[in-house]
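Please have a look at it first.

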Amino acid sequence: MTRECAVLLPGVCAALADPRQPGLDDTCLEKLLDWFRSLTWFDPTVELVQDNPCLTELITSVLALPDASPSILSFTLQLAGILASSESRFQCLQQEKLLGRLFGREGPRGGAAWEDASVRSAWLKGVHSMVHHQPALPFLCSTGGMDVIFTLQGDPSLFVASAASQLLVHLLTFSLESETSKALSTKDCDWPVCAQMIVKHIEESLQSSSASHIEQSLKLLSSLFGSCFGSCYAAWTEVLWLDIAKQIESFLLEETVQAQPLLANLLLNVARSPVFCGTEGSFWALVTSALEHLTPVQAGPLAVGLLKLCKCPQDVRIQALTVLLQPMDCILRAASQPLECAGLLDESVSDPVTVESLLSSKASCAGLLCQTLAHLEKLLSLKHLRVDLPCGSLLRSLMTILQFCNGFLSPTSPLGSTISRNLINSFRVQKSALDVLAALSEKKDCDTLIGSLFDVLLAYLQSPNTSPTVLKKTFQATSRWLVHLQELSSNSQWQQTEKILADVFVVLQKRLCSPCWEVRDSSLEFLTAMVKCLRDQKEFRQCLLSSEVLRLTENLLEDPESYVRASAVTAVGHLALITCFAPESPVIGNQYNKESIIAKLQEILSTDSEGFPRRAVISIFTKWLREGCTGQLEDTEQFVSRVIQTVEHDLDWEVRLGGLELVEAFCSQTICQLAQCPYAPVSAVTSSTPQKELLQVFCRAKLFGFLFGSLCDCDKPVGQRACDVLVGLRGHFYPMSTLENPQEIEDSPAGRGIAWLQRTLRQGSLAQNFPTDGGDGVDFQDPESMMLALGAIDLLELHDELNKSSDHVEESPQSLLQDILAAVGTIEDNEVDCY
């Protein structure tokens, strides 16, 4: 603690304990506790308490108040716990007889203040902070604290109940830390006293007739096995599991027990413990039983969790996959009667009638399918899945679900008809199915179904009943499968590919003219995604250029909706890579030439009233620059100069930041062309003075005025990026840190200007009206002056200043204590300027 803080602290403690003072803002009290946590974390000695007697005086004074406010009492409980977190300070507070009055039987837990949830929560937090040394455990056990924690597990406040459960996990884990070296056997085990109390409480609760007690213990066990306990205390984990396994098994078999939904999470957390990595033992038999007896909704999370485990036995893994595939199998079998194709499964884990009844119910059908589809999408995203998914049958099932949802399939079986009625126009199921459909495009076993798949996708794209959100998902799935289709393309499939692309572009033309702006926006995003992936494919380019898509997309640059204009800018920018910038650009009319497109986008950048389209333009310009689309260096130089002169006055900070990214790309590209860049072709390296040429290019493009001006931007990310670019440039021009001496250059006219520049930059955002036109003797277009500026200005100091948080001064502990004193001294206006 600094001397200044030590001087202020007694006044703060006195104010907190004074009931006549107005209550402090809770944020202030939390920040004060954070400060004490940091003090005690780095210094476990007793000096903090001994050197600052005002802390114990504060606790004593609050305890003496007949009706302390809940906020001050909560603060005191937490403060005492923090101070007692080291053994030496714990003993000191014990000698003062303070801990028993706070956390013991004579504490607030028997008074009226205990009715306030914040006090109960603070009591738990205080105990949690205190129990970081062994002497705290017998104190807690001997003062009845354990019974209080057990009771608070069922507290009506969820925050309090959760804190109680977390505290019990901590207590059990901590109480075993000194026991880890002892040999254990499953027959003869001696739990430490605190751990024994917790284990006994768990066992008794599990055997009680109270559903809430059973539920609390199952949640506690789940948290316990899911914490470091399960992985760090293997022997104790096994002992605990053997004590409760029979009871858990009985819950699985008693279908009336309400706690069944909690069993899946508990078993999954136990399965993650290294104790049960082997394939032998009764545990995996219990997991198998759970997969059979839990409902499909309850078993789903357990099944997908097991499939992610590395050391789950293969037979259990196959059973888990079967659980997930049962609803999909039921859909496939219900679609036609008699069955025209094989289902997904040869046999079921649980009774198929259960799944059929859930899918037959309007209330449960969509929920079960959405959960199943979400689990399958997770599995498909895994790089290493240790079971084989029947991807072909799964794809057929997905197509069936999508056809049920839009009414394009009329099943003949009674079950299929019921499911179809339940799913009609179910947007939730449609979106989930399309997500899985997109993920399946990475798999190899679906190629024979591609024709049928695109029939389903095109039906969704064409249907006027497809909602905008479902249409967006359909576009995403279609683009993924179009990429897959191109990867498969051979001479025999060329006609199929051409027909599918032609159909897609017909639909796209229609959707680009939709009266719904979300549809127009999704259509443009889809077009951009296709161009990104397929622009090198001959069939795609032919279909694109023979359609009306180019003209319609360009028309949308003037759309009344700013989101659509922004998406149109992005689409036009990517289309230009085919129509304007490709080595052999097709001749498709004057309106698509490079100059015309650039002029239109520059007009949007300078005149559009909304930020989204302008951001999109600067992003596209940067992409063009990086791909070398802007021509020779002289053309690029003029292009960049025009853009940054527009951007530097933009009111949207993200546009200005985009301008800096453009400058950064231009600098990298120019250095590679003119300087000794290891990645540049030999022919591009000139024999003249490359540094001078570089500086001349950058000055002609007016980069330095933009960069130095951006250092004073009122939006910090802009200043930070500008500083990064300048530091990078200085590293190029002064590679050996041979920087200029500001003292030596200040006497020259240019040097005086640089000194002014340094002073101005130190003002930061106070210098927002930064002159970039040569004011005060700084010529930002003079190469020699800019060379001096890069070498003399302390850019690293500026970098550090810009990266400091905006409240680095105000968030000091001293400032906090001053704020508190100012606040409690002002009765009328208690607005604390707390960081």
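Predicted model: local features only at pLDDT ≥ 70, side-chain atom pairs only at ≥ 80, totals over all residues.

Which residue forms a salt bridge with Glu661? Glu661 pairs with Arg721, and the closest N and O atoms are 3.5 Å apart, where a salt bridge is a side-chain nitrogen of Lys or Arg within 4 Å of a carboxyl oxygen of Asp or Glu. Residues are numbered from 1 along each chain as its sequence is written, and side-chain values use heavy atoms, with hydrogens and water left out.

To return to that pair, it links distant parts of the chain, with Glu661 in helix H35 and Arg721 in helix H38 (residues 716–733), 60 residues apart; helices here are DSSP runs of H or I of at least four residues, numbered from the N terminus. Glu661 is partly exposed at 27% relative accessibility, and Arg721 is partly exposed at 23%, where buried means under 20% relative accessible area, exposed over 50%, and partly exposed in between, with a 1.4 Å probe and protein chains only.

A second salt bridge joins Arg565 and Asp608, at 2.8 Å from N to O. Arg565 sits in helix H31 (residues 562–579), whereas Asp608 lies in the loop between helix H32 (594–607) and helix H33 (611–626), 43 residues away. Arg565 is buried, with a relative accessible area of 10%, and Asp608 is buried as well, at 12%.

A further salt bridge is made by Asp652 and Arg615, at 2.9 Å from N to O. Asp652 is buried at 12% relative accessible area, while Arg615 is partly exposed at 26%. Arg535, Lys623 and Glu627, for their part, are linked in a network of salt bridges, and a search of the whole structure finds 22 salt bridges.

Let me finish with two helices. The axes of H11 (residues 158–175) and H13 (residues 211–226) come within 10 Å and cross at roughly 50°, the axes being lines fitted to C-alpha atoms over the stretch in contact, with angles running from 0 to 180 degrees between N-to-C directions. H11 is therefore oblique to H13, because angles under 35 degrees count as roughly parallel, over 145 as roughly antiparallel, 65 to 115 as roughly perpendicular and the rest as oblique.
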